[in-house]
Amino acid sequence: MILEERPDGQGAGEDSAQLQAAGGVRKVSDPTAQTRHSWLQSPRARIRQQISKELRMRTGAENLYRATSNDRVRETVALELSYVNSNLQLLKEELEGLSSGPDTHRPEGEGVTVPMIPLGLKETTELDWATPLKELISGHFGEDGASYEAEIRELEDLRQAMRTPSRDDAGLRLLAAYYSQLCFLEGRFFSPARSLGLVFHWYDSLTGVPAQQRALAFEKGSVLFNIGALHTQIGARQDRSCAAGARRAAQAFQLAAGAFGLLRENFSQAPSPDMSTTCLCALERLMAAQAQECVFEGLSLPALALPHDCLAQLHLAQEAAQVAAEYRLVHQAMAQPPVQDYVPASWTTLVHVKAEHFHALAHYHAATALCDGSLAAEGELPACEQVFQPPTPGEPHSPALPQQPEERRKLAKAHLKRAILGQEEALRLHASCRVLRKVDLLQAVVAQALRHSLAKYSKLEREDDFFEAAEAPDIQPKTHQKSEVRVPSLSFMKVADIFHRLGPLPVFSAKNRWQLVGPIHLTRGEGGFGFTLRGDSPVLIAAVVPGGQAAAAGLQQGDYIVSVNGQPCKWWRHADVVTQLREAGAAGVSLQVASMLPRQEPRSTGDHQPALLGPGRLPRSRRACGFEMPAPTRASPQPLLVWSRRAKQGKPRGRPPPCTGGDCGTCP
């Protein structure tokens, strides 16, 4: 179930072409081509017109927001942007429902489950990669930028498709593929001494307020946020009325919590509220609580079939108390500024309703164990008694579990009384929120739990009950299946560097400077060509013999061979280059080399400093991609979104020993 007020992301139903990554094959799909019934065309056209209208309104509000310096006007415009953003998300949700068939957003199971809170995806505008990349390839890499139009078009298509991922594993693979390409782009084209002039525009997921930065970290952080948000949408769409669906939903929310935790630990100084440290902390807690709720639902399915198992019902009471405790922490985080200023009020109320509902469920299951369960065995008494908290704080022992039927009945009535009060409070909170009043499923779940409590209480009620029921002790929160936060693996989608033709990334990047020399024609002398080779991809000239053929031609130690007889060889292995040199006859061989130049020192002042730190500060997920980047650079003094966590510095890449001896044809 999806709340109406929340921004629910774009999903797969927007007009833009989608790039589906499945098994390494990307497909461009249009939702209009997936229409199943002709009668859907009219509602679809109406929704598209409304979306266009809302987009025009958002563009005008965005321009006013950027142009004005009046704080009151900016607050009013921000409120309007939040309203427009919410309408856009709802319209896109409705459009996807028409494209995918009926009951798209609701689990297909018949069981009644509490609705979850999924996050909407951050939206972004189109980005022109072509102009700055062509200029950089021509000016810095010394190649024809126009010859890389296919690669640039592939990158732009990938980013365009990333804006509207499908709500499944294919959408996750698409976002992970683009994130991996951003890692490649960062290492190859971004340097402290040069700015590409790109400006990344993203809209806040919660408020719709636009934000922009020149830092590539903002783009990477926004994509990582969308990976977490997409996991929440996948989790909310699972059918949790069965054990398998509850398990899949729990895993999705665990991965969402891990994504937000990774973003919180590695990025700082975010320009939008949804990526601030306080908001990410609240979102991480929310997703962990929802994952624990799914764990409870999975455990409750077999336990409900065993109402006479006293220990099983008491364990279920502790599980419900654990969920209630976690939702209380989430409610405290959401009710505190600044999070309360931009988190929808319906979310905060729903979290409060869930805290009361699961607290009441804990007492209901405790009462079930007391009135319906069989007497606990002698060996199970200590475990059963540990379920209840001591009546006074600091008391070491829990209250004893009564063994007499009458005493158990009285204590069960006390727990049912607290359960009824809690469920009535949950219904009151539900009715106080205008948005939640429209969520019939939530009211049905709480009302059903209240009916069960009242029915069980009436069975225990007797006409001669004139005693005052004792206060039921609290339930000790505890889980036997802790929902651990899981960091999503960004390396499961294996991708190749789109711009691999430029050469191996550790050498041919914007952080390094080199000069292309050649073609240089060499002939074999008495001692060979007069140089020693070492390494792979690219092959390095490790030594030049004074007075030899290579020295006379101007080759130097440290040059990289990039072409042999007109064939690009940046990615060749040592043996491949040696083979070509051996096959050179009396006519000799033509070589082109890249002669490395001293690095430029980063400017101490300036407008555009690097947004990301070097490879020594990469997160685990980045290292899992297998990227090796040049040495770390200094962070920007400006408030840009930056990597903030320091990881262990990787060891420098070693090179194989130089080729010695005269058998390879390249040694003196």
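Student: Which residues of α4 meet α5 in this predicted model?
Tutor: The model is predicted. On the α5 side, the contact uses Leu174, Leu175, Ala177, Tyr178, Gln181 and Leu185. Facing them from α4 are Leu155, Leu158, Arg159, Ala161 and Met162.

Student: How do the residues of the contact of α4 with α5 divide into nonpolar, polar and charged?
Tutor: Tyr counts as nonpolar here, and Arg as charged. The contact of α4 with α5 then divides into 9 nonpolar, 1 polar and 1 charged.

Student: Is α4 oblique or roughly perpendicular to α5, and why?
Tutor: Two packed helices are described by the angle between their axes and the distance between the axes. Helix α4 (residues 149-162) and helix α5 (residues 169-189) have axes 9 Å apart and pack at about 135°. That angle makes α4 oblique to α5.

Student: Is the crossing of α4 and α5 left-handed or right-handed?
Tutor: Handedness describes how α4 passes α5. The crossing is left-handed.

Student: Which helices do the buried residues of α3 pack against?
Tutor: Helix α3 spans residues 130-139. Its buried residues are Ala130, Pro132, Leu133, Leu136 and Ile137. They pack against α4 and α5.

Student: Why does Ala317 count as buried?
Tutor: Ala317 lies in helix α9 (residues 310-334). Buried means under 20% relative accessible area. Ala317 counts as buried because its relative accessibility is 0%.

Student: How far apart in space are Ala317 and Phe388, C-alpha to C-alpha?
Tutor: In sequence, Ala317 and Phe388 are 71 residues apart. In space, their C-alpha to C-alpha separation is 9.7 Å.

Terms used: Residues numbered from 1 in each chain as written. Predicted model: local features only at pLDDT ≥ 70, side-chain atom pairs only at ≥ 80, totals over all residues. Heavy atoms only, no water. Axes fitted to C-alpha atoms, helices over the stretch in contact; angles between N-to-C directions. Helix = DSSP H or I, 4+ residues; strand = E, 2+ residues; numbered from the N terminus. Parallel < 35°, antiparallel > 145°, perpendicular 65-115°, else oblique. Left-handed = near helix turned anticlockwise from the far one by under 90°. Contact = heavy atoms within 4.5 Å. Buried < 20%, exposed > 50% of the residue type's maximum accessible area, 1.4 Å probe, protein only.
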